[in-house]
Amino acid sequence: MKSKASSLYVLVGALFLTSIVSFAGYIMSSNRLNNAGFQRQIQSNYVQADKYNRMAKNLSVQKILDKIIDQNINVQTNLNNASNKIHEGIDIVYNKTKNEKDYQKLQSELPKLVGNELASKLLELDKPALNQSGKSTVTYDKADEILITFGRYDYKSTSVPIYIVVDYKSPMVNTANSIWDKDSKPAQYSGQDLFICSYDLARHKLGLSQYIKGDEINGQR
């Protein structure tokens, strides 16, 4: 019933636009109205035409909303859940993983929160390595800010792009070139990571599309 009503609105709008042209031609040929009255009538017709155009656009939006309803997907709830899990996973990586033991635990926990693709990249980035002192250290000390934003929902693929930006600081590192370098001070690097993902709301699956590493800034203390 709704689709028939939609078609009727569009049809009425088209017929109305056609009648405007016919009416204008009739007025000009018969000279039945004075110029001021003619202008007022034409303006009124344009207002009505704009009304039907807006109705047609609203019907297009309504079709999309109807499609989402038919899919039985609660977009807002799904995105909130995805955002919470992503934030929790990022928080563990950047703020709570401090040593080899934490990293080993992270390997099993992270995929459950952010999916295999993003987890794999985060584990690669935060893999412990030996520092200048010969001690094993992870990449991140803490996240100064975690920003998660969503793009436009595509009802055809039931997916939405997700942009994750993390401003972070690295652990303190020794910048001395040698043991004789008395003027050097420990430094902490600040950097930024960007993850471009896609989340399928129907399958509840998060995929990683692209990773971009920002410039690191050396802030000595």
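Trainee: How much space lies in the largest pocket?
Mentor: About 310 Å³. That volume is the space filled by probe spheres set on grid points, which are joined across faces, edges and corners. Before we go on, this is a predicted model, where local features need pLDDT of at least 70 and side-chain atom pairs count only at pLDDT 80 or more, while totals for chains, interfaces and linings use all residues. Residues are numbered from 1 along each chain as its sequence is written, and side-chain values use heavy atoms, with hydrogens and water left out.

Trainee: What makes something a pocket rather than a cavity?
Mentor: On a 1 Å grid over the protein atoms alone, a cavity is a set of points where a 1.4 Å probe fits but cannot get out, whereas a pocket is an open set with protein on both sides within 12 Å along at least five of seven lines. Lining residues have an atom within 4 Å of a point.

Trainee: Which residues lie nearest the centre of the largest pocket?
Mentor: K85, L113, Y199, H204 and L206, out of 15 lining residues. Two or more residues of the lining come from each of α3, α4 and β6, and α4 gives the largest share, 6 residues. Those element names stand for DSSP runs numbered from the N terminus: helices (H or I, at least four residues) and strands (E, at least two).

Trainee: Is H204 called buried or exposed, and why?
Mentor: Buried means under 20% relative accessible area, exposed over 50%, and partly exposed in between (1.4 Å probe, protein chains only). H204 has 52%, so H204 is exposed. This residue sits in the loop between β5 and β6, and has a positive phi of about 55 degrees although it is not a glycine.

Trainee: Why is the Y140 and Y168 pair called edge-to-face?
Mentor: Rings of Phe, Tyr and Trp (its six-membered ring) pair if their centres lie within 6.5 Å; planes under 30 degrees apart count as stacked, over 60 as edge-to-face and the rest as tilted. Y140 and Y168 are 4.8 Å apart centre to centre, with 80 degrees between the planes, and that is edge-to-face. The two lie 28 residues apart, Y140 in the loop between β2 and β3 and Y168 in strand β4. Y140 is buried because its relative accessibility is 2%, and Y168 is buried because its value is 1%.

Trainee: What makes the F195 and Y211 pair tilted?
Mentor: Their planes are 35 degrees apart, with 5.2 Å centre to centre, and that counts as tilted. F195 is in strand β5 and Y211 in strand β6, 16 residues apart. F195 is at 0% relative accessibility, so F195 counts as buried.

Trainee: How do you know that K169 makes a polar contact with D144?
Mentor: A polar contact is a pair of N or O atoms within 3.5 Å; within protein, one must be able to donate a hydrogen and the other to accept it, and residues adjacent in sequence count only if both atoms are side-chain atoms. The side chains of K169 and D144 make such a contact at 2.6 Å. K169, in strand β4, is buried because its relative accessible area is 18%.
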